[in-house]
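Please keep the sequence and the structure in view while reading.

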Amino acid sequence: MRRIAVAVALVVAASVWPLAAGVAHGATVAQAAPAQSLQADFNNDGADDLAVGVPGEDIGGPPFNSGGVNVLYGSGGGLTGPGGQFFSQASPGVPGGPEEGDSFGEALASGDFDNDGFADLAVGVPGEGVGAAGAAGAVNVLYGSAGGLTGTGSQLFTQVGGAVEAGDFFGAALAVGDFDNDGFADLAVGAPFEVVGSRFEAGAVSVLYGTSGGLSTAGGQLFTQVGSGPEPGDWFGWALAAGDFNNNGFADLAAGAPFEDVASVVDAGVVSVLYGSTGGLTASGGQLFTQVGGAVEADDWFGWAMATGDFNNNASADLAVGAPIESVGSAPQAGAVSVLYGSSGAGLSTTGGQLFTQVGDAPEGFDQFGFAVAAGDFNNNGFADLAAGAHFEDVAGADDAGAVSVLYGSAGGLTTAGGQLFTQNSPGVPGGAEDDDLFGDALVSGDPGPSPAAAASESGARPEGRTPTR
């Protein structure tokens, strides 16, 4: 159960975006959510395109923070502005209408939902009001074509398998994978503030399956926490990540509940894993993991951010999990990242699991290493690597300038050998480290590792203004 103080950041209809506040340190300032972005080939020309969420965009003035998505198209010469697109709920063919606090574009995920060779785009609209239910949340889906993304045939989905309720924030997190291995990408959607029974903000995850006609509610599923009962304030579904952890051809799903209490340890956090099958995701054989390689402690927020990649190149996806409020020695909120390894048939396991703190610099209080994570093969050697942000890292006298650590994959998994630390003061990195830059606050990579039919997925996105304070 969450005991961290919650502050009002943005009023949305009759509900609010809560601000998850960490232990106060220095000035307490609510930061705007960063734009989320991902790569996918929406026009199937062989070059990756880039979608960038702009959830605070005002469409024609009021309504404020209704949100939008910019799309830049790739070419032989790289990304280019000419020919780019902008979508909002005011765009032709896009269902819904721009309303104050919708935050269209807060989360993004891409996959070929209709298996026509063109990547499609799912857009989270977690502040969307549904009827009289303020901030119930929704997901818009835009389909790819030879001309790129289009509003024609686009869809709007609300929560699947459960009642639409105010304040659910359905669409706050998205992940894509072919969970039933039928060739059509499927979509998992987090509603971290879903009430389960009488349990306020327990959280839930809905799953929509792909078909030749695109995503469909037919056969849709609703999951609550696996391996433990739903409890108030768990925020199950806050972060999502898809990958084939047991190498059986079916994508599996990891879902974070960063404020789950572990026994009497408050807000330690957990990650649930649901495995894919011919019938789609199933709780059968599901797993519940707590922090690997370190003690379970209060306010670790394990499960706040996640990324999948094959770090040891054994054909099974592995899972990196951020615990940004983890204390390291006497350094509060220094942050840590746990790694769970997958294996054929068995799936994820704590065997060989690892715990990493910041690379290239000593862990310090309030760095919040692991607040954001992303996987990709950065050195193109067949092993996925991991980037982890420490957005409150101080750099050369600049408070909260931020830093990103990189851990490289190997036959033995991730390793600190050859690890790197990047800031905006690093050689070749544009800009310079300044107070409150929060470099590393959001990360994305175009090469997430083995995840059937998943062009890209967002590991987790936070509502507008939602940032732990220092």
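The points below cover the chain as a whole, its aromatic pairs and one of its sheets.

The model is predicted. Its chain has 27 strands and zero helices, and 59% of its 470 residues are buried. A search of the whole structure finds eight aromatic pairs.

**Chain as a whole**

- Of the contacts in the chain with a separation of 6 or more, 61% are between residues 24 or more positions apart.
- The chain exposes about 15100 Å², and carbon and sulfur atoms supply 52% of that area.

**Aromatic pairs and cluster**

- The search for aromatic pairs gives a total of eight. In one of them, the ring centres of F193 and W235 are 4.8 Å apart and the planes stand at 75°, which is over the 60 degrees required, so this pair is edge-to-face.
- F193 sits in the loop between strand 12 (186–191) and strand 13 (204–209), while W235 sits in the loop between strand 14 (216–223) and strand 15 (239–243). The pair therefore ties together parts that are 42 residues apart in sequence.
- F193 has a relative accessible area of 2% and is buried; W235, at 0% relative accessibility, also counts as buried.
- F259 and W301 form an aromatic pair that is edge-to-face, with 5.0 Å from centre to centre and 80° between the planes.
- This pair links distant parts of the chain, 42 residues apart: F259 belongs to the loop between strand 16 (252–257) and strand 17 (270–275), and W301 to the loop between strand 18 (282–289) and strand 19 (305–309).
- F259 counts as buried at 0% relative accessibility, and W301 is buried with a relative accessible area of 0%.
- Both pairs contribute members to one aromatic cluster, formed by F169, F193, W235, W238, F259, W301, W304 and F371.

- Four strands form an open sheet in the order 23-24-25-26, with antiparallel pairing.
- Strand 23 (369–376) and strand 26 (415–422) are the edge strands, and each pairs on one side only.
- Direction ignored, neighbouring strands of this sheet are turned by 25° against each other on average.
- Strands of a sheet pair through backbone hydrogen bonds.
- Strand 24 (residues 385–390) and strand 25 (residues 403–408) run antiparallel and are joined by five bridges.
- A388 has S405, in strand 25, as its bridge partner.
- F371, a member of the aromatic cluster, falls within the residue range of edge strand 23 (369–376).

Methods
Residues are numbered from 1 along each chain as its sequence is written. This is a predicted model: local features need pLDDT of at least 70, side-chain atom pairs count only at pLDDT 80 or more; totals for chains, interfaces and linings use all residues. Side-chain values use heavy atoms; hydrogens and water are left out. Rings of Phe, Tyr and Trp (its six-membered ring) pair if their centres lie within 6.5 Å; planes under 30 degrees apart count as stacked, over 60 as edge-to-face and the rest as tilted. Helices (H or I, at least four residues) and strands (E, at least two) are DSSP runs, numbered from the N terminus. Buried means under 20% relative accessible area, exposed over 50%, partly exposed in between (1.4 Å probe, protein chains only). Two strands pair if DSSP finds at least two bridges between them. Axes are lines fitted to C-alpha atoms, for helices over the stretch in contact, and angles run from 0 to 180 degrees between N-to-C directions. Contact means heavy atoms within 4.5 Å. Accessible areas come from the Shrake-Rupley method with a 1.4 Å probe; for residues, only the protein chains shown count as cover.
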